[in-house]
Amino acid sequence: RARRERGLLVGVVSLAVWSVLALVGAQLACGGDALLFPRALQASNGDGELALAKLSLDVSTLRARLVARHEAAALRGWHRSLLGSRAGLLLRTHTPYLRIAINGSADLRRAPDVGRRGGRGWLLVSSSSGEDIYGRERRVRTNTFLYFPNEAPRPWPPPAALCVRLLQSGSIRERGWWDDMSRQLGGRLRGFGLAVVPGSECAPEYGLLTLAGGTACALVAARLTARAATRGMES
C-alpha cells in the first residue's frame, strides 16, 4: 500500500512537471504556428492602411479584412485542410484581440472636450502622405476614438503598440457627443471606438491542438515515470 501511495504521488507530481515541459517545449519548437498558438490580429498605424480606409468603415468590416490577411499569411496547406474538416470547427488561429503598431505618443492625442473637461478619451491619429493626379502633396488624416473598458494600461501612452479587444469595440455614432467631436476634427472621425486593454492580452495563447497534444504526451511520460519509480522502490 505504501508503494502504491508513493507511486501515485510520483505520478501526480511528474504529470504536473511533464505538462509544463511539454507546453514550454511546444512553444520553443512551434511558437510561430498560428494553429498551435493563436495570436492577436495585426495592424500598423504607420503604413497608411488605417488612414486610407474609408471613414464609413465599421469594426466588423475591419475585422474581416484583418482576418483574411492573417489567414493568407499564417495558414499553410495542412492548416487549411484541417480547418476545413469537421474537427476544424473547434479550432481557431487568432484571438479576439488586435495589436496595432504605433509610434508612441506621436500617434495619440487627447480627444476634444465636447462637454467633458479633460476630454472623453483618446484618439489614434492615422496619417498618410502622397501626391494627387496633379503632383500636389496630399495628406490624409483620420481619427479613431479610443477608450478604456477598465483602467488605462500601464505605461500610457504605450511606446510601441496598442492592444484592442474587438469584442468590446463598436459604433459610437449614436453617442450624443459624436457629432460635436466629429465637427471639431474636421469630419475626420471614424464612427467606431476601439476598446484598449493591457498589452499582455495580445500575447499568443495555447491552442486546442497544443493543449491536447501536450496533455497526451505528459500523461504518457508521467505514467512511465511512475512505473520506473515503483520498480526502483521494489528493488
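A pocket, here, is an open set of grid points with protein on both sides within 12 Å along at least five of seven lines, and its lining residues have an atom within 4 Å of a point. This is a predicted model, and its largest pocket is lined by 16 residues.

**The largest pocket**
- Its volume comes out at about 200 Å³.
- Nearest the centre of the largest pocket you'll find Pro158, Ala161, Cys163, Pro198 and Gly199.
- Two elements, β6 (161-171) and β7 (189-197), each give two or more residues to the lining.
- β6 gives the most, with three residues.
- By residue type, the lining splits into 13 nonpolar, one polar and two charged.

**β6 and its partners**
- On one pairing, β6 runs antiparallel to strand β2 (residues 94-101), with five bridges between them.
- In that pairing, Tyr97 sits opposite Arg165 of β6.
- β6 also pairs with β7, again antiparallel and through five bridges.
- Val164 has Val196 in β7 as its bridge partner.

**Leu124**
- Leu124 belongs to strand β4 (residues 122-131).
- Buried or exposed? Leu124 counts as buried because its relative accessibility is 0%, and the cut-off for buried is under 20%.
- Leaving out residues up to four places away in sequence, Leu124 touches a list of residues including Asn45, Leu50, Ile100, Asp107, Thr142 and Leu146.

Technical notes
Residues are numbered from 1 along each chain as its sequence is written. This is a predicted model: local features need pLDDT of at least 70, side-chain atom pairs count only at pLDDT 80 or more; totals for chains, interfaces and linings use all residues. Side-chain values use heavy atoms; hydrogens and water are left out. On a 1 Å grid over the protein atoms alone, a cavity is a set of points where a 1.4 Å probe fits but cannot get out, and a pocket is an open set with protein on both sides within 12 Å along at least five of seven lines; lining residues have an atom within 4 Å of a point. Grid points are joined across faces, edges and corners, and a volume is the space filled by probe spheres set on the points. Helices (H or I, at least four residues) and strands (E, at least two) are DSSP runs, numbered from the N terminus. Ala, Val, Leu, Ile, Met, Phe, Trp, Tyr, Cys and Pro count as nonpolar, Asp, Glu, Lys and Arg as charged, and the others, Gly among them, as polar. Two strands pair if DSSP finds at least two bridges between them. Buried means under 20% relative accessible area, exposed over 50%, partly exposed in between (1.4 Å probe, protein chains only). Contact means heavy atoms within 4.5 Å.
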